[in-house]
Structures are given as C-alpha cells and as structure tokens.
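Visitor: I would like to learn how to read a protein structure. Could we go through one together, a feature at a time?

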Amino acid sequence: MSPEPRIATVTLSPALDLTIRLPELERGEVNRTGPAELRPAGKGVNVAVMLAVLGEGSTAAGLLGEADIPAFDAFLRPFGIATAFEPLPGRCRINVKLVETVAGQVTDVNPAGAQASRTALDALARRLDALAPEIVVLAGSLPPGLPVEAWAILLRALAADGRKLLLDSSGPAFEAAVAAGPALVKPNRSELAGLLGRALPDRAALVAGARELVARGVERVVVSAGGDGALFVLPDATLWARPPKVALTTTVGAGDAMVAGLTAALARGLDAEATARLATGCAAAAVSRDVGAPGGGVPALADIQRLAAETQVERL
Ligand SMILES: Nc1ncnc2c1ncn2[C@@H]1O[C@H](COP(=O)(O)OP(=O)(O)OP(=O)(O)O)[C@@H](O)[C@H]1O
Ligand SMILES: [Mg+2]
C-alpha cells in the first residue's frame, strides 16, 4: 500500500460549478444550449489540483453533500488525488455561471449548500488526524450550520508536533482562526485590512500589517495584491514578488493557485525567494490558463516554471 500523502487540503464548503454558455439569455423562455460543464470546485479542491500539477500528492478532505461525493472522487482521481470527505445530508452548493457570449456578460447564481453540523466537523477532524498529514491547508468559507469558530476548532484539533497548518479564509471565520495559530496565512489586501480593522493604503502599511500577524504568532504571512503581486513575510526574508505580464483570462482561482505554490514550497523547504517565485508562478499561470478547455483548463508545469523564473523579486 502506498503511504498517505504528506499534504491534506480541507474544504468545508465545496461547490459544483455549473457553467452554461449561450449567446443571450431569453428570460422567461426555454433556452437550449450546447453541453454545460459541471466541475467540482472549492478552494481546498482547487489547491489539491494545483498541487498535483506541481507533482505533490495530496488528500482532498472536507464536508460534502453525500450525493456529490462520487462526482468529486471521479474528478480528483485522474489527478492522483485521494479524497476524505465527511458526508453531509443533501447536496453541496451548485454555483451557476451563465456566460452570455454576445454581451460578454457573466451572471452568477450561488444558492446555499448542504447544512453542516458540529458533529460532522468533529468527525472530519478525527479522520484528518488519523491520516497524519505533515501539512494541512484549510481554505475557503464556512457552510451554514457551523459556528464562526469552525476553522479555529479544526486548527486546534489538528495541531501536532511539526505539523504545518496553512489558512486561507476571510471575514469573521478568518479572524477567529488567526488566534488558533496557523503557520501560514494568505489574506489578500482587503482581507488583511478587514482583519486589522484599518485601511492599508500602501506597501509600508501592508508590511506593518503583516508583521503584526507575525507578532501574534503566525510564522509566515503572505498578502496577495492582485496584478501587483504579493508581499511575502517569511522567516528568512521579507520580499515583494511581481508577476510577469500575462494575458489575463480569469482571476478565479488565482489565490488558490498561490496557496498551492506556498504549500509545495513549505513541503520542499524552499527559501524565501524560491517560495515567492513558485507561488507567483502558480498564480500567474492560473490567471492566464485556457478557461475554455475541458475542466476549466489546468496550467502546465512548464508554464508555471517559466513564469516563476520571470517573476521579479524585490527584497524589502
Ligand atoms: N491580473 C493579474 N496578473 C498577473 N497575476 C495576477 C493577476 N491577478 C492576480 N494575480 C496573481 O495571483 C495572486 C493572487 O491574486 P489575488 O490577490 O487576487 O488573490 P485573492 O484575492 O485571494 O483571489 P481569490 O479570489 O482566488 O481568493 C497575486 O498575488 C498575483 O501573483
Ligand atoms: Mg483569496
């Protein structure tokens, strides 16, 4: 039997993304379209896929509507990703994206998903702990039915000697989780500003804000700033990494790709500069990927490596 992967990702609120393309939506009419695409998604799921591209095996774990588990298993298996989903009654969120090609407009309809429970969260924590991963990535929003402390509860339940816990969340769930001591967080600018309760108008303010989290016990703080790149406050250096210019096709999943790069860097023990390059290369490859390809397009490793090499890294 092969050993369990060293990395696990956790998604408490996975979704199925249903993308329907049509010239123009005729409201109140029957709209017939070409085949729609239904793709399992959610932040931790996206991180696991990007890790697979980087050659890092992982287990995608989380809470998932029972009826949807086979679809997630079938989607993730070809990537070599193991799964450990704790079943919830009902179905996960189905996020509908209506792409109207004439006007170039996208309408999102995102209904609420399956109701979670503290019992399911505790069962997931036990299951994850039994997998004994060295690195756990906790990512995304909380489903209905869980307290705002859900990420904090999981972080405390999973804390173990030498295990690294990475967190990418937002709002009150993020705020509640920071005190539980993740090893790495990756807020974007507005998530960090929300957490600190003040505006972060420039780079100096971002550095000061990130260092405040380090003072609160978070070892590594990465603050992403969209097309401007990201700030990396790491144990061996503080850096700013600017991605090379890419043909932008989508910003969906940019943050998840960056988190995957950070996770692989941690697993490989990379230094600050190599970490910033790998994370930024992953993110830049994600924003320029061919979203029209089946599965929304998965970046190629060669593109990630080229973009990582072309990333500009500045020491602060
Ligand atoms: N327009 C862009 N061009 C090049 N790279 C980009 C662009 N937008 C984002 N990126 C890359 O992706 C990283 C993460 O993007 P961003 O700060 O938007 O994350 P986020 O707000 O967490 O996104 P998400 O919605 O996926 O959670 C950036 O630091 C940058 O490296
Ligand atoms: Mg994000």
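Visitor: Let me start with one residue. Is Ser-58 buried or exposed?

Guide: Keep in mind that this is a predicted model. A residue counts as buried when its relative accessible area is under 20%. Ser-58 has 0% relative accessibility, so this residue is buried.

Visitor: Where does Ser-58 lie, and which residues is Ser-58 in contact with, apart from its neighbours within four places in sequence?

Guide: Ser-58 belongs to strand E4, which covers residues 58-65. With neighbours within four places set aside, its contacts are Pro-5, Ile-7, Ala-48, Leu-51, Gly-80, Ile-81 and Ala-82.

Visitor: How do I read a residue such as Arg-21, and what is its relative accessible area?

Guide: Arg-21 has a relative accessible area of 42%, so Arg-21 is partly exposed. This residue lies in strand E2, residues 15-22. Not counting residues up to four places away in sequence, Arg-21 touches Thr-33, Val-99 and Val-291.

Visitor: How far apart in space are Arg-21 and Leu-121?

Guide: From C-alpha to C-alpha, the distance is 36 Å, and the two residues are 100 residues apart in sequence.

Visitor: Now the rings. How is a pair of aromatic rings described?

Guide: One gives the distance of the centres and the angle of the planes. In this structure the count comes to two aromatic pairs. One of them is Phe-72 with Phe-85: the centres are 5.7 Å apart and the planes stand at 70 degrees, so this pair is edge-to-face. The pair links distant parts of the chain, with Phe-72 in helix H2 (residues 69-76) and Phe-85 in strand E5 (residues 82-88), 13 residues apart.

Visitor: Are Phe-72 and Phe-85 buried or exposed?

Guide: Phe-72 is buried, at a relative accessible area of 0%. Phe-85 counts as buried too, at 4% relative accessibility.

Visitor: What about the rings of Phe-75 and Phe-79?

Guide: Their centres are 5.7 Å apart and their planes are at 65 degrees, so this pair is edge-to-face. At 17% relative accessibility Phe-75 counts as buried, whereas Phe-79, at 28%, counts as partly exposed.

Visitor: Backbone angles are another feature to read. What is the phi of Ala-132?

Guide: Ala-132 has a positive phi of about 50 degrees, although this residue is not a glycine. Ala-132 is found in the loop between helix H3 (118-131) and strand E8 (135-139).

Visitor: Let us step back to the whole chain. How many helices and strands does the protein have?

Guide: There are ten helices and 14 strands. Along the principal axes, the C-alpha atoms fill a box of roughly 60 × 45 × 45 Å.

Visitor: What share of the residues is buried, and what is the accessible surface?

Guide: Buried residues make up 50% of the 316. The accessible surface comes to about 14,000 Å², and 53% of that belongs to carbon and sulfur atoms.

Visitor: How many positive and negative side chains are there?

Guide: The protein has 30 positive and 33 negative side chains, and the centres of the two sets lie 2 Å apart.

Visitor: What share of contacts joins residues at least 24 apart?

Guide: Among contacts between residues at least 6 apart in sequence, the share is 67%.

Terms used: Residues numbered from 1 in each chain as written. Chains lettered and ligands numbered in written order. Predicted model: local features only at pLDDT ≥ 70, side-chain atom pairs only at ≥ 80, totals over all residues. Heavy atoms only, no water. Helix = DSSP H or I, 4+ residues; strand = E, 2+ residues; numbered from the N terminus. Buried < 20%, exposed > 50% of the residue type's maximum accessible area, 1.4 Å probe, protein only. Contact = heavy atoms within 4.5 Å. Areas by Shrake-Rupley, 256 points an atom, 1.4 Å probe, with all protein chains shown as cover. Lys, Arg positive; Asp, Glu negative; His and termini not counted. Charge placed at Lys NZ, Arg CZ, Asp CG, Glu CD. Phe/Tyr/Trp six-rings, centres within 6.5 Å; stacked < 30°, edge-to-face > 60°.
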